[in-house]
Amino acid sequence: MSTCEVRSPMSGSPGLPVSAEGDPVFAEPWHAQAFAMTVHLHERGVFSWSEWAERLSAEVHQPDRAEDGSDYFDAWVAALTGLLVSKGIGDESDVLALQESWKRAAEATPHGRPILLENDPQR
């Protein structure tokens, strides 16, 4: 695997877990996916860096957030969702319905198998 030569400005996000070399690391695959989706949307001009930083900062500093940062990517997804909803790109009820569908799919998936949205018994 090769190293990316161009660092995204998002790699400097406050609280982002990093390796000893300073590269972003992710505890779960969905963390990397949320990060990549955000970078892609930003690079496509869906939102500015300052808009993203403001939204993420507000979400990370909510009083109900874990002091140890263990819910950082939950805050990340909440910030991205809120930003997309505020721009009229997404609808909060659609996002919540999709989250519930993924949850049902995960619960219906046998251990060790990939979680697929098609596994949602209500789809």
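**Entry 1. The lining of the largest pocket.** I began with the residues that line the largest pocket, and they divide into 9 nonpolar, 4 polar and 2 charged. I note at once that the model is a predicted one. The lining has 15 residues, and those nearest the centre of the pocket are Met37, Val77, Thr81, Gln99 and Trp102. I then asked which elements give two or more residues to this lining, and I found H1, H3 and H4. For the space in the largest pocket I recorded about 680 Å³. The idea behind such a search is that a probe the size of a water molecule, rolled over the atoms, shows where empty space is left.

**Entry 2. The chain as a whole.** I next looked up the elements of the protein chain, which has 4 helices and 0 strands. Along the sequence, I read the pattern as α-α-α-α. The chain has 123 residues, and 26% of them count as buried. I also looked at contacts between residues at least 6 apart in sequence; 47% of these join residues at least 24 apart.

**Entry 3. Helix H3.** I turned to helix H3, which covers residues 72–86 and so has 15 residues by the way helices are assigned. From the first C-alpha of H3 to the last I noted 21 Å, close to the 21 Å expected at 1.5 Å a residue. Which residues of H3 are buried? I listed Tyr72, Phe73, Ala75, Trp76, Ala79, Leu80, Thr81, Leu83 and Leu84. Thr81 in this list is also one of the residues nearest the centre of the largest pocket. I then asked what covers the buried residues of H3. The cover includes helix H1 (29–43), helix H2 (49–60) and helix H4 (92–108). After H3 comes Gly88, and I recorded for Gly88 a positive phi, near 75°.

**Entry 4. Aromatic rings.** I searched the whole structure for aromatic pairs and found 8. In general, two values describe a pair of aromatic rings, namely the distance of the centres and the angle of the planes. Where do Tyr72 and Trp76 stand in relation to each other along helix H3? They are 4 residues apart, so about one helical turn separates them.

Are these two residues buried or exposed? Tyr72 has a relative accessibility of 6% and therefore counts as buried. Trp76 has a relative accessibility of 0%, so Trp76 counts as buried too. The cut-off for this step is under 20%. I then wrote down one aromatic cluster, formed by Phe26, Phe35, Phe47, Trp52, Tyr72, Phe73 and Trp76.

**Entry 5. Ala27.** I looked up Ala27 and placed this residue in the segment before H1. Its relative accessible area is 67%, so I marked Ala27 as exposed. Ala27 and Phe73 are 46 residues apart along the chain, and their C-alpha atoms are separated by 9.6 Å.

**Entry 6. Leu41.** I found Leu41 in helix H1. With a relative accessible area of 17%, Leu41 is buried. Which residues does Leu41 touch, leaving out those up to four places away in sequence? I noted Val46, Phe47, Leu80 and Leu84. Between the C-alpha atoms of Leu41 and Leu84 I recorded 9.7 Å, although the two residues are 43 apart along the chain. Leu80 and Leu84 are among the buried residues of H3, and Phe47 belongs to the aromatic cluster.

**Entry 7. Val85.** Val85 is partly exposed, with a relative accessible area of 26%. Not counting residues up to four places away in sequence, Val85 touches Gly90, Asp91 and Glu92. I also looked up Val85 together with Val95: they are 10 residues apart in sequence and, C-alpha to C-alpha, 9.2 Å apart in space.

Key: Residues are numbered from 1 along each chain as its sequence is written. This is a predicted model: local features need pLDDT of at least 70, side-chain atom pairs count only at pLDDT 80 or more; totals for chains, interfaces and linings use all residues. Side-chain values use heavy atoms; hydrogens and water are left out. The expected span of a helix is 1.5 Å times one less than its number of residues. Buried means under 20% relative accessible area, exposed over 50%, partly exposed in between (1.4 Å probe, protein chains only). Contact means heavy atoms within 4.5 Å. Rings of Phe, Tyr and Trp (its six-membered ring) pair if their centres lie within 6.5 Å; planes under 30 degrees apart count as stacked, over 60 as edge-to-face and the rest as tilted. On a 1 Å grid over the protein atoms alone, a cavity is a set of points where a 1.4 Å probe fits but cannot get out, and a pocket is an open set with protein on both sides within 12 Å along at least five of seven lines; lining residues have an atom within 4 Å of a point. Grid points are joined across faces, edges and corners, and a volume is the space filled by probe spheres set on the points. Ala, Val, Leu, Ile, Met, Phe, Trp, Tyr, Cys and Pro count as nonpolar, Asp, Glu, Lys and Arg as charged, and the others, Gly among them, as polar.
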